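Here are my notes on this one, jotted down as numbered points. Have the structure open while you read.

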Amino acid sequence: MGIYHRTRRYYGLLFCPQCLRGDGNAPYFRTYWRLFVMYACTRCGVYLQDRCPGCARPVIFFRVELGRKSALADKPISCCFHCGLNLAHAPAKPAPPAVLANQAELERILYEGWNEQVFYPQFYFVVLHQIIKQLINARPASMALQQAIDTETGWNPTQEDASVRKKKMPIGLLPLQVRIGVIQQAQWLLTDWPYRFVQVTKRYKVTSTPFLYAMPDAPFWYHRVVIENLYVSNGK
Ligand SMILES: [Zn+2]
Ligand SMILES: [Zn+2]
């Protein structure tokens with residue numbers, strides 16, 4: 001996932017304040033909050049959060065544990081390692097129904113597989129990850145795809161952070177709002193597979209290059225649609 005707990009510039013571990021609150025005296029961080037495709041809590045209907053609302057530091061809960069011997073000994077694990085604010089009391093940020101529906105669909109895929117064709121969830125997420133990478137990089141070969149999806153979805157990641165698409169940034173280290181947006185863009189492109197994908201890529205003359213870039217083991221169902229429908233250039 002690219003979480004670097006010790007790197008304060010970046011945000012990684014997410015949490016739902018309402019779930020933490022519901023835990024009462026024994027709050028815990030769900031392991032699925034670490035998955036790169038999780039951005040909302042479908043139980044509580046809110047966005048996950050990646051920083052302390054008090055001091056804006058990322059969530060680094062093991063430091064609270066380390067500090068238990070001393071000053072933070074009596075604090076629950078849900079307290080901010082830096083300022084001590086209890087994240088269980090962070091104000092919730094309600095997520096729109098469309099965002100929650102997208103998140104619920106990703107959860108369904110995690111548990112059940114994508115569809116009859118793609119029974120194993122990991123093959124869907126490998127492709128989702130590949131497309132997301134093309135949406136946030138600075139490579140000229142990705143530009144047509146980026147423009148196509150930005151136009152079709154009416155959103156682009158530079159609206160949230162002007163530095164996106166200017167440098168290489170691992171998905172796990174993207175600002176949360178950028179990550180939420182590009183996950184949904186990639187998810188949108190894969191919806192109604194392969195019809196929307198073929199229609200959009202043809203309309204905007206997107207070549208196969210970004211879709212297969214640095215992806216030697218592309219899943220067959222994906223590779224076949226790309227090769228059969230898109231112009232295959234020799235560009236790298
Ligand atoms: Zn929750
Ligand atoms: Zn704090």
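Predicted model: local features only at pLDDT ≥ 70, side-chain atom pairs only at ≥ 80, totals over all residues.

1. For reference, the ideal angle for four tetrahedral donors is 109.5 degrees.

2. One pair links distant parts of the chain: Cys19 sits in helix H1 (residues 17–22) and Cys41 in strand S1 (residues 40–41), 22 residues apart. Are these two buried or exposed? Cys19 has a relative accessible area of 9%, so it is buried. Cys41 is buried too, with a relative accessible area of 4%.

3. Cys41 turns up again in the lining of a cavity. The structure has two cavities of 30 Å³ or more, and the second largest cavity holds about 30 Å³ of space. Besides Cys41, its lining includes Tyr32, Trp33, Met38 and Ala40, and also Thr42, Arg43, Leu48 and Glu107. By class, that lining has six nonpolar residues, one polar and two charged.

4. Have a look at the loop between H1 and S1 as well, where you'll find Asn25. With a relative accessible area of 82%, Asn25 is well past the 50% cut-off, so it counts as exposed. Asn25 and Pro76 are 51 residues apart in sequence, and their C-alpha atoms are 7.6 Å apart in space.

5. Now the zinc ion (ligand 2). Which residues supply its protein donors? They are Cys52 (SG), Cys55 (SG), Cys80 (SG) and Cys83 (SG), lying 2.3 Å from the ion. The four donor atoms subtend angles of 102 to 119° around the zinc ion (ligand 2); these fall between 85 and 135 degrees, so the arrangement counts as tetrahedral.

6. The donor residues of the zinc ion (ligand 2) are spaced C-x2-C-x24-C-x2-C in sequence. Cys52 counts as buried because its relative accessibility is 3%. Cys55 comes in at 19%, and since the cut-off is under 20%, Cys55 also counts as buried.

7. The largest pocket contains about 280 Å³ of space. It is lined by 14 residues, and those closest to its centre are Lys133, Gln134, Asn137, Lys168 and Tyr213. If you sort the lining by class, you get six nonpolar, four polar and four charged residues.

8. The second largest pocket has about 220 Å³ of space. Its lining is made up of 13 residues, with Asp50, Arg51, Lys93, Leu176 and Gln177 closest to the centre. Helix H6 (residues 176–190) gives the largest share of that lining, three residues.

9. Where does the second largest pocket lie relative to domain 1 and domain 2? Domain 1 (1–112) and domain 2 (113–229) both contribute lining residues, so the second largest pocket lies between them.

Terms used. Residues numbered from 1 in each chain as written. Chains lettered and ligands numbered in written order. Heavy atoms only, no water. 1 Å grid on protein atoms, 1.4 Å probe; cavity = no way out; pocket = protein on both sides within 12 Å on 5 of 7 lines; lining within 4 Å. Points joined across faces, edges and corners; volume = space filled by probe spheres on them. Nonpolar A, V, L, I, M, F, W, Y, C, P; charged D, E, K, R; others polar. Helix = DSSP H or I, 4+ residues; strand = E, 2+ residues; numbered from the N terminus. Domains from an automatic or database assignment. Buried < 20%, exposed > 50% of the residue type's maximum accessible area, 1.4 Å probe, protein only. Donors = N, O, S within 2.8 Å, 3.2 Å for Na, K, Ca; no water. Tetrahedral: all angles 85-135°; square planar, octahedral: opposite > 155°, others 65-115°.
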